[in-house]
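Hi everyone, thanks for coming. I'd like to walk you through one model today, so please have a look at the sequence and the structure before I start.

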Amino acid sequence: MRNSIRAAITGVAAYVPEYILSNAELEKMVDTTDEWIVSRTGIKERHILKGEGKGTSVMATKAVEELLAKTHTNPLDIDLIICATTTPDMQFPATANIVADKVGAKNAWGYDLNAACSGFLYALTTASKIIESGSANKVVVIGGDKMSSIIDYSDRSTCVIFGDGAGAVLLEPTQEDIGIIDTIMRSDGSGRIHLHQKAGGSAMPATHDTVTHKLHYVYQEGQAVFKFAVTNMADVAEQIVTRNQLTPETIAWLVPHQANKRIIDATARRIGIDDSKVMINIERYGNTTNGTIPICLWEWEKKLHKGDNIILAAFGGGFTWGAVYLKWAYNS
Ligand code: UT7
């Protein structure tokens, strides 16, 4: 028994929409090839949420419903819901509030957090501090995005990369030697020039002109982002490994944000761990932004054991980046 409280992940669930957009289909939409996409990114297919009026909350709600069912959690016992998303259903209210309503979490407060692809780690960090303070006992952290809502499907440099999906974890206090042990979160707003969405915010509200000029879509200078992502994600992963005296042998899993297979490989190489310990599913989902890390945890859940040392790492728009060191809390 430890004296201080830590936050532990006590359940994970996710949802990806049914429709699969394959590289073969993209070949018919833009000037690209399966060979280019696979060799430059590692992606073979991604899931897309179809249907009018359906936003990120549709996927997030399904993930949270599965999470509550499998952890036997009464929605009325949830204290807080944080939803990390870059594609909220609306500018306001928060998607967290919409999900809370849909799952019946009537006693929860909640908010959205936007840190682009690092949002899930930012939210996990924030939630863990709230649990450690003793002011919440059951916190749901969601990471999810409907990236297809802000992607230009005539722009081959972005439309091949992104997909839709959402995941959610339950965080609860523990005094055992498990849970979230260390976090390093970073940001550098000067990186915004390389990756952003120009219109739709208060600086450039929507007009006919912004729609005509396609300013509501993701703008990305891929090569510039790639350079920062490779360096920063690997740096922060190495830092957290070193300062917690972990070694390639004592790390059970690396869970990297799934933006590009080449960035994932570079991060794994930097901390010296074998490919077999790296969660990679980018080939089936592409980059689901806030969804990537919880979707990985959900897919690998059955292989995780209580006490496993796990490193989460992400990099995204902002720029934002970070790493989390946790000890897995349960056997499935
Ligand atoms: O998750 C949030 C953060 N985002 C990231 O981490 C993304 C980081 N960046 C990347 O993953 C890569 O930069 C991309 C996958 C976006 C692009 O790969 P790249 O190897 O950096 O390609 P590039 O942008 O340097 O483009 C190389 C060539 C260009 O043609 P030219 O100018 O050499 O003739 C592009 O026009 O590839 C061309 N190209 C394509 N060709 C076929 C760009 N997109 C495509 C495509 N199919 N889909």
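Let me begin with the domains: 50 residues of domain 1 are in contact with 48 residues of domain 2. Please keep in mind that this is a predicted model. The chain is divided into domain 1, residues 6–177, and domain 2, residues 181–327. Their C-alpha centres lie 14 Å apart.

Now to the ligand. Why does the ligand lie between the two domains? Domain 1 and domain 2 both give residues to the shell around the ligand, so that is where it sits. There are 23 residues around the ligand, and those that come nearest are Thr 32, Arg 40, Gln 223, Asn 260 and Asn 287. If you sort the shell by class, you get 10 nonpolar, 9 polar and 4 charged residues.

Let's go through some of the polar atom pairs. For Asn 260, a side-chain N or O atom is 2.7 Å from an oxygen atom of the ligand. Arg 262 also has a side-chain N or O atom at 3.1 Å from a ligand oxygen. With Trp 36, a polar side-chain atom lies 3.4 Å from an oxygen atom of the ligand. As for cover, the ligand on its own has 950 Å² of accessible area, and the protein covers 73% of that.

Which elements give two or more residues to the shell around the ligand? They are α2 (34–41), α6 (156–159), α8 (222–243) and α9 (261–271). Of these, α8 gives the most, with 4 residues.

**Two buried histidines**

Next, I'd like to show you two histidines. His 257 is in the loop between β11 (253–256) and α9. This residue is buried, with a relative accessible area of 2%. What does the side chain of His 257 make a polar contact with? The partner is the side chain of Thr 292, at 2.8 Å. Leaving out residues up to four places away in sequence, His 257 touches a list of residues that includes Cys 117, Met 233, Ile 264, Phe 315 and Asn 287.

Thr 289 is not a glycine, yet it has a positive phi of about 55 degrees. You will find Thr 289 in the loop between α10 (282–285) and α11 (292–300). Is Thr 289 buried or exposed? Its relative accessible area is 3%, so it is buried.

Beyond its neighbours within four places in sequence, His 47 is in contact with residues including Val 16, Glu 18, Tyr 19, Gly 163, Asp 164, Arg 284 and Tyr 285.

**Backbone details**

A few backbone points for those of you who like torsion angles. Gln 245 is another non-glycine with a positive phi, of about 50 degrees. Gln 245 lies in the loop between α8 and β11, and at 67% relative accessibility it counts as exposed.

Then there are the cis peptides. Phe 92 and Pro 93 are joined by a cis peptide bond, with omega about 0 degrees, and Pro 93 is in the loop between β4 and α4. The peptide bond from Gly 318 to Phe 319 is cis too, with omega near -5 degrees. Phe 319 has its place in the loop between β12 (309–316) and β13 (320–327).

Just after α4, Gly 104 takes a positive phi of about 80 degrees.

My last stop is Ala 199, in the loop between β9 (195–197) and α7 (208–212). At 2% relative accessibility, Ala 199 counts as buried. Which residues does Ala 199 touch, not counting those up to four places away in sequence? They are Met 204, Thr 210, Leu 215 and His 216.

Terms used. Residues are numbered from 1 along each chain as its sequence is written. This is a predicted model: local features need pLDDT of at least 70, side-chain atom pairs count only at pLDDT 80 or more; totals for chains, interfaces and linings use all residues. Side-chain values use heavy atoms; hydrogens and water are left out. A residue is near a molecule or strand if one of its heavy atoms lies within 4 Å of it. A polar contact is a pair of N or O atoms within 3.5 Å; within protein, one must be able to donate a hydrogen and the other to accept it, and residues adjacent in sequence count only if both atoms are side-chain atoms. Accessible areas come from the Shrake-Rupley method with a 1.4 Å probe; for residues, only the protein chains shown count as cover. Ala, Val, Leu, Ile, Met, Phe, Trp, Tyr, Cys and Pro count as nonpolar, Asp, Glu, Lys and Arg as charged, and the others, Gly among them, as polar. Domain bounds come from an automatic or database domain assignment. Buried means under 20% relative accessible area, exposed over 50%, partly exposed in between (1.4 Å probe, protein chains only). Contact means heavy atoms within 4.5 Å.
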